[in-house]
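Please look through the sequence and the structure shown below before reading on.

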Amino acid sequence: MAVNLVNLEAVSKAYALRSLLDGVSLGVNEGDRIGVVGRNGDGKTTLIRILARLEDADTGRVTHQGGLRLGVLTQHDSLDPAATVRQEVVGDLADHQWAGDSRVRDVLTGLFGSLDLPGFEQGMDTVIGPLSGGERRRIALAKLLIAEQDLIVLDEPTNHLDVEGIAWLAGHLRERRSALVCVTHDRWFLDQVCTLMWDVQRGTVHEYEGGYSDYVFARAERERIAATEETKRQNLMRKELAWLRRGAPARTSKPRFRIEAANELIAGEPPVRDSAELMRFANSRLGKTVFELEDVTVQAGPKVLLKHLTWQLGPGDRVGLVGVNGAGKTSLLRALADAARSEGEDQPAAGRVKVGRTVKLAYLSQEVAELSPTVRVLEAVEQVRGRVDLGKGREMSASQLCERFGFVKDKQWTPVGDLSGGERRRLQILRLLMDEPNVLFLDEPTNDLDIETLTQLEDLLDGWPGSMVVISHDRFFLERTTDRVFALLGDGTLRMLPRGVDEYLERREAVRRQAAGSAASAPASASASAVSAPAKPAAVSRAAQKELQRLERQLDRNAEQQAKLHAEMAEHATDFERVAGLDVRLRELAEQQAELEMRWLELADD
């Protein structure tokens with residue numbers, strides 16, 4: 001029988017006139033991995049702070065097992081700004097002690113890339129004070145994970161982590177014996193890690209078995225049953241009167257309640273986007289040209305991020321961008337946005353960006369645009385437009401769209417200055433959509449948004465006709481809203497990944513293995529090199545060199561064929577069947593290119 005680690009009995013908590021938790025009773029047992037979800041402001045963080053005894057409940061009792069080893073990651077770290085990374089993470093341990101510990105090596109490599117902490121000027125001896133919030137958060141997470149814990153409580157652990165970091169953290173937590181309670185809006189992470197879900201809603205907490213996907217189905221069933229009960233209650237008197245008028249014999253038969261619609265919701269898959277219809281509509285709004293890049297170089301100051309880039313964003317394209325931090329994802333979007341705003345006059349460091357004449361761009365940056373704190377939510381949206389055309393004959397007023405994004409009637413009259421960070425993010429997205437753009441650039445749109453708001457945004461984007469580029473570390477959001485994924489791998493190139501984020505992670509792992517192999521094979525000393533293995537026969541080297549040259553020629557031809565296909569797709573953009581066929585061929589060429597590149601890397605490494 002699993003040992004109980006933490007128990008909450010009839011816990012209540014209120015702030016001012018609002019009750020966040022009302023008589024909540026829950027327990028955490030050994031081996032539990034619990035994900036906590038709910039709308040922003042409904043009490044998720046309050047719940048886990050009370051559970052961890054960082055905050056007192058108004059009423060009720062919280063008990064911990066004697067000697068419980070508890071680790072907590074809050075949204076605001078308690079690191080000493082005068083301390084170094086070494087002092088906070090490994091304390092007084094000598095280098096050979098912590099470097100020889102497999103757990104320490106795994107955590108530092110997983111969160112920072114290697115033991116020497118690339119990106120930190122002084123490595124482990126970097127002073128914490130001047131570091132960014134994201135860097136400090138990684139340090140706090142590393143400090144927590146290195147220690148032995150019975151229970152780990154994490155509040156938004158995936159914030160400031162890239163796709164690789166999130167994948168590593170999910171694998172690490174699955175392998176730990178510690179129990180886990182985690183608040184996060186990353187649905188892929190919840191599915192990978194959690195075996196129980198707590199849904200915080202209007203003062204109560206509902207518990208569900210399984211990860212996020214199981215929770216979605218179970219919650220739909222619970223809400224169907226609740227709706228059924230409410231319908232029964234509201235119609236009880238009307239039905240009773242109708243039955244009485246029909247006479248006694250009729251009252252002996254039982255009424256049947258039809259639930260086909262609810263069953264379809266639970267058992268059926270969500271409808272996929274009608275890509276053909278959306279592309280036709282996108283063509284009518286955008287024409288044949290959206291963005292065309294020819295031999296473009298993108299720089300951030302003196303650093304060259306992308307070079308000799310030839311790429312095309314066509315009408316109706318829905319593209320996800322992934323890549324290592326600093327590879328140039330945001331810089332690429334900024335270069336395209338600058339060209340669009342200047343009608344093609346503002347060009348990158350080298351090459352040329354051609355912008356379609358009908359392009360109307362909306363760019364959601366990572367920085368939340370500031371509005372006057374006295375302006376109310378609905379007024380801020382209506383400043384842009386009173387009604388918005390969502391395509392396919394759908395139209396919404398500013399107030400209706402506000403409601404779709406969680407700003408109910410009363411909340412629409414809240415001053416902007418009183419909104420939380422997540423609510424301001426929602427308002428920023430709303431204002432962009434109200435301007436009826438036909439091209440969307442979304443840079444980390446999921447920041448500060450709760451899961452319900454994310455699903456509402458995804459639902460809107462599903463039927464949105466236009467071109468879209470999304471940068472996000474949220475795999476669920478990327479897969480839900482985009483059709484193709486491109487990667488910036490830090491080598492100055494942009495590559496399409498037919499298998500999406502999984503292929504990106506595989507490529508990054510291959511690069512790490514190659515780097516580790518190169519480091520391991522380096523001669524340790526002059527004496528070691530004196531007894532090294534004999535060189536390969538000259539014939540083998542010549543054969544390898546010939547194959548390298550052959551692969552390079554194939555890669556050049558492949559790139560030329562892809563460029564021709566892009567041009568042909570642009571020329572026949574209104575012929576959907578032809579474009580679909582060309583897209584299939586383009587994907588095949590991309591797969592061939594990936595295989596050729598991997599073989600080239602193998603030979604070059606030899």
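## A sheet and its strands

Val298 stands opposite Leu306 in β11, where strands pair if DSSP finds at least two bridges between them, and where helices (H or I, at least four residues) and strands (E, at least two) are DSSP runs numbered from the N terminus. Strand β10, covering residues 291–300, is joined to β11 by 7 bridges, and the two run antiparallel. In this predicted model, local features need pLDDT of at least 70 and side-chain atom pairs count only at pLDDT 80 or more, while totals for chains, interfaces and linings use all residues. Residues are numbered from 1 along each chain as its sequence is written, and side-chain values use heavy atoms, with hydrogens and water left out.

The order β11-β10-β13 describes an open sheet of 3 strands with antiparallel pairing. Because β11 (303–313) and β13 (350–355) stand at the edges with a single partner strand each, one side of each is left without a neighbour in the sheet. From one strand to the next, the twist averages 30°. Helix α11 (residues 329–341) lies across β10, β11 and β13 and runs at about 120° to β10, with axes being lines fitted to C-alpha atoms, for helices over the stretch in contact, and angles running from 0 to 180 degrees between N-to-C directions.

## Two nonpolar cores

A nonpolar core is a set of buried Ala, Val, Leu, Ile, Met, Phe, Trp, Tyr and Cys residues joined through side-chain atoms within 4.5 Å, and buried means under 20% relative accessible area, with a 1.4 Å probe and protein chains only. The largest such core has 75 residues, and those with the most contacts inside it include Phe291, Leu293 and Trp311. Apart from it lies another core, of 44 residues, among them Leu111, Ile146, Ala170 and Leu190.

## A buried loop residue

Thr126 lies in the loop between α4 (102–112) and α5 (133–146), and it counts as buried because its relative accessibility is 9%. Leaving aside neighbours within four places in sequence, Thr126 is in contact (heavy atoms within 4.5 Å) with residues including Ala83, Val85 and Phe120.

## Two helices side by side

The axes of α4 and helix α6 (residues 163–175) come within 8 Å and cross at roughly 155°. That makes α4 roughly antiparallel to α6, a term for angles over 145 degrees. Asp106, Val107, Gly110 and Leu111 in α4 meet Gly165, Trp168 and His172 in α6.

Note on methods
Buried means under 20% relative accessible area, exposed over 50%, partly exposed in between (1.4 Å probe, protein chains only). Angles under 35 degrees count as roughly parallel, over 145 as roughly antiparallel, 65 to 115 as roughly perpendicular and the rest as oblique.
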